[in-house]
Amino acid sequence: GKPNFEHLLQKFGEAVVPVANCDVKEYNSNPKEQLPFKEFVEYWREYIRNGHRSSRGCLYLKDWHLSRSGLIPKAPALGIAFPEEDVYTTPVYFSSDWLNEYWDAVAVDDFRFVYMGPKG
């Protein structure tokens, strides 16, 4: 299956998101760039239409703080957060979310990330 691209674009199209190029390695990691979410979705659709190939390589949305609650001082490079969207629930088996409990208490950061992208 595929995500509901139209719904995602309607909700988050103007967000700026971190996107990794999985075909490139730098210091044992994939370099990331900031892209508008709508541009990433268009890339993804084109990637599917082209038989899961692109001249841009395989891009993957990685480490997006979609639900960040505005605890971080204004930092445009981190993208737009959507704390009003109920997108994150800790799974029951991890209900003691001690890492986020700490970071929420000190109002510095969070460890709730979104990852998405095409197969490949």
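## Basis of the description

Helices and strands are taken here as DSSP runs, numbered from the N terminus. The model described is a predicted one.

## Backbone features

The loop between β1 and β2 (32-36) holds Asn-28. The phi angle of Asn-28 is near 65 degrees, a positive value in a residue other than glycine. With a relative accessible area of 71%, Asn-28 is exposed.

Asp-63, which belongs to strand β3, likewise has a positive phi although it is not glycine, with a value near 70 degrees.

## Nonpolar core

The largest nonpolar core comprises 21 residues, and Phe-37, Phe-40, Leu-61 and Trp-64 have the most contacts inside it. At least two residues of this core come from each of α1 (5-12), β1 (16-21), α2 (37-49), β3 (59-64) and β4. Helix α2 gives the most, with six residues.

Leu-61 illustrates how these elements meet. Apart from neighbours within four places in sequence, Leu-61 is in contact with Val-17, Pro-18 and Val-19, with Phe-37 and Phe-40, and with Val-114, Tyr-115 and Met-116.

## Aromatic pairs

A pair of aromatic rings is described by the distance of the centres and the angle of the planes. The count in this model comes to six aromatic pairs. In one of them, the ring centres of Phe-5 and Trp-44 are 5.1 Å apart and the planes stand at 75 degrees, so the pair is edge-to-face. Because Phe-5 lies in helix α1 and Trp-44 in helix α2, this pair ties together parts that are 39 residues apart in sequence.

Phe-5 and Trp-44 are both buried. They also belong to a cluster in which ring pairs link Phe-5, Phe-40, Tyr-43, Trp-44 and Tyr-47.

## Salt bridges

The count of salt bridges comes to six. Among them is the bridge between Arg-45 and Glu-6, whose closest N and O atoms are 2.4 Å apart. Arg-45 lies in helix α2 and Glu-6 in helix α1, so this bridge also ties together parts that are 39 residues apart in sequence. Arg-45 counts as partly exposed, at 22% relative accessibility.

A further bridge joins Glu-14 to Lys-38, with the closest N and O atoms 3.0 Å apart. As Glu-14 is in the loop between α1 and β1 and Lys-38 is in helix α2, the pair ties together parts 24 residues apart in sequence. Glu-14 is exposed at 56% relative accessibility, whereas Lys-38 is partly exposed at 42%. Glu-39 forms a salt bridge with Arg-56, the closest N and O atoms being 3.5 Å apart. This pair links distant parts of the chain, since Glu-39 lies in helix α2 and Arg-56 in the loop between α2 and β3, 17 residues away. Both partners count as partly exposed, with relative accessibility of 34% for Glu-39 and 35% for Arg-56.

## Nonpolar surface patch

On the surface, Leu-99, Phe-111, Phe-113 and Tyr-115 form a nonpolar patch with about 330 Å² of accessible area together. Phe-113 is located in the loop between α3 (98-106) and β4 (114-116). With 32% relative accessibility, Phe-113 counts as partly exposed.

Key: Residues numbered from 1 in each chain as written. Predicted model: local features only at pLDDT ≥ 70, side-chain atom pairs only at ≥ 80, totals over all residues. Heavy atoms only, no water. Patch = residues over 30% accessible without salt bridge, like charges linked within 9 Å, V, L, I, M, F, W, Y side chains within 5 Å. Areas by Shrake-Rupley, 256 points an atom, 1.4 Å probe, with all protein chains shown as cover. Salt bridge = Lys/Arg side-chain N within 4 Å of Asp/Glu carboxyl O. Helix = DSSP H or I, 4+ residues; strand = E, 2+ residues; numbered from the N terminus. Buried < 20%, exposed > 50% of the residue type's maximum accessible area, 1.4 Å probe, protein only. Core = buried A, V, L, I, M, F, W, Y, C linked by side-chain atoms within 4.5 Å. Contact = heavy atoms within 4.5 Å. Phe/Tyr/Trp six-rings, centres within 6.5 Å; stacked < 30°, edge-to-face > 60°.
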